[in-house]
Amino acid sequence: MASNVNPTVRRRRLGQELRRLREERGMTAEEVADRLLVSQSKISRLENGRRSISQRDVRDLCNVYAVEDRRIVESLMQMAKESRQQGWWHAFGDIPYSVYIGLETEAASLRIYEPQIVPGLLQTQTYAEAVIAGALPEASASEVEKRVQVRMRRQQRVSAPSPLRLWAVLDESALRRRVGGRQTMIEQLEHLCELSRLPHVTVQVMPFAMGAHPGVNGQYAILEFPDTADSTVVYLEGVTSDLYLEKAQDVQSYSVMYEHLRAQALSADDSRGFIQDVTKEYARETV
């Protein structure tokens with residue numbers, strides 16, 4: 001597989017094309033499922049890119065949609081083949097949020113609001129170890145280490161030659177929640193300040209004094225992609241499952257909410273000063 005082939009993105013593009021073909025035929029997902037003797041949920045999962053799709057699936061669907069142009073069929077079957085390849089994250093075994101990693105790997109920009117902890121792409125290794133171990137109290141040491149390695153690998157997007165454009169709004173709680181101890185927090189906040197000076201990274205803080213704001217309902221991320229064929233995705237992380245929103249109305253609602261967050265949070269420069277002040281508070285504590 002070519003190094004620039006992202007299986008997650010291939011599945012999304014393929015699903016979008018299959019949905020377009022179905023809609024052009026004026027068929028519902030239920031009608032297609034009945035024709036192929038499969039469940040309607042399978043058709044939906046194939047179209048939203050959440051399920052691996054085989055070349056046989058593509059062939060059968062093209063037959064149902066009466067696609068006569070062999071070039072189109074062959075192109076879709078090639079996309080199906082590429083979508084079943086493995087991304088770099090598969091080398092680490094079963095990762096519950098592998099779909100998100102695939103999207104993040106391909107994204108051109110990421111806007112994230114985080115109310116509880118420093119975002120994964122901005123974490124130090126020591127902080128990441130403490131966060132993951134605390135969030136997964138029943139996980140083995142090897143499982144924690146695997147997740148830390150994946151997180152560190154994901155951070156290459158921030159330092160790549162064509163880096164991810166990252167905009168993070170953090171609640172003050174993320175700075176004051178003591179993760180891993182005093183020294184871990186000092187190192188983490190210093191690292192956060194350093195990264196915030198990069199031209200493609202913006203960090204803003206939402207102080208407690210702001211009171212209620214549009215982010216009180218919890219964490220979310222908005223991913224945008226370099227190819228206009230790939231729709232923007234809103235990602236909501238859950239305990240046992242995640243939610244991906246792609247409908248234009250949903251994306252618009254979260255985008256507007258994020259603009260309000262950015263407007264109400266401290267400016268980038270004031271946020272850096274705020275983070276430095278909190279770091280000094282940790283440093284002044286009696287060891």
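Biologist: Before we dig in, which pLDDT do local features need here?
Modeller: Residues are numbered from 1 along each chain as its sequence is written, and side-chain values use heavy atoms, with hydrogens and water left out. Since this is a predicted model, totals for chains, interfaces and linings use all residues, side-chain atom pairs count only at pLDDT 80 or more, and local features need pLDDT of at least 70.

Biologist: Let's start with the sheet. In what order do its strands come?
Modeller: Strands here (E, at least two residues) and helices (H or I, at least four) are DSSP runs, numbered from the N terminus. Two strands pair if DSSP finds at least two bridges between them. E3 and strand E6 (243–245) are the edge strands, each pairing on one side only. The sheet is open, has 6 strands with mixed pairing, and runs in the order E3-E2-E1-E4-E5-E6.

Biologist: How many bridges join E1 to E2?
Modeller: Strands of a sheet pair through backbone hydrogen bonds, either parallel or antiparallel. Strand E1 (residues 109–114) pairs with E4 in the antiparallel sense over 5 bridges. With E2, Leu110 stands opposite Leu166. E1 and E2 run parallel, and the number of bridges is 6.

Biologist: How many residues of E1 are buried?
Modeller: Buried means under 20% relative accessible area, while exposed is over 50% and partly exposed lies in between (1.4 Å probe, protein chains only). Ser109, Arg111 and Tyr113 point one way from E1, Leu110, Ile112 and Glu114 point the other way, and all are buried. E1 is largely enclosed by the rest of the structure, because the buried count is 6 of the 6 residues.

Biologist: Then which residue in E5 is the bridge partner of Leu223?
Modeller: E4 is joined to strand E5 (residues 233–236) by 3 bridges, and the two run antiparallel. Within E5, the partner of Leu223 is Val233.

Biologist: On to the rings. Is the pair of Tyr220 and Tyr258 stacked or edge-to-face?
Modeller: Rings of Phe, Tyr and Trp (its six-membered ring) pair if their centres lie within 6.5 Å; planes under 30 degrees apart are stacked, over 60 edge-to-face and the rest tilted. A search of the whole structure finds 4 aromatic pairs. In this one the centres are 6.1 Å apart and the planes are at 85 degrees, so the pair of Tyr220 and Tyr258 is edge-to-face.

Biologist: Which residues form one aromatic cluster?
Modeller: Tyr235 and Tyr244 make a tilted pair, 5.3 Å centre to centre with 40 degrees between the planes. Tyr235 is buried at 4%, and Tyr244 is buried at 15%. The one cluster is formed by Tyr100, Tyr235 and Tyr244.

Biologist: Which residue lies over the face of Trp167?
Modeller: A charge sits over a ring if NZ of Lys or CZ of Arg is within 6 Å of the ring centre and within 35 degrees of the ring normal. Here the distance from the ring centre is 4.0 Å, and the residue is Arg262.

Biologist: Where is the place of Tyr97, and which residues does Tyr97 touch?
Modeller: Tyr97 sits in the loop between helix H5 (70–83) and helix H6 (98–106), and Tyr97 counts as buried at 12% relative accessibility. Contact means heavy atoms within 4.5 Å. Not counting residues up to four places away in sequence, Tyr97 touches Arg147, Val150, Arg154, Tyr235 and Asp242.

Biologist: Last one: which residues does Lys42 touch?
Modeller: Lys42 lies in helix H3 (residues 40–47) and counts as buried at 16% relative accessibility. Leaving out residues up to four places away in sequence, Lys42 touches Arg51 and Asp57.
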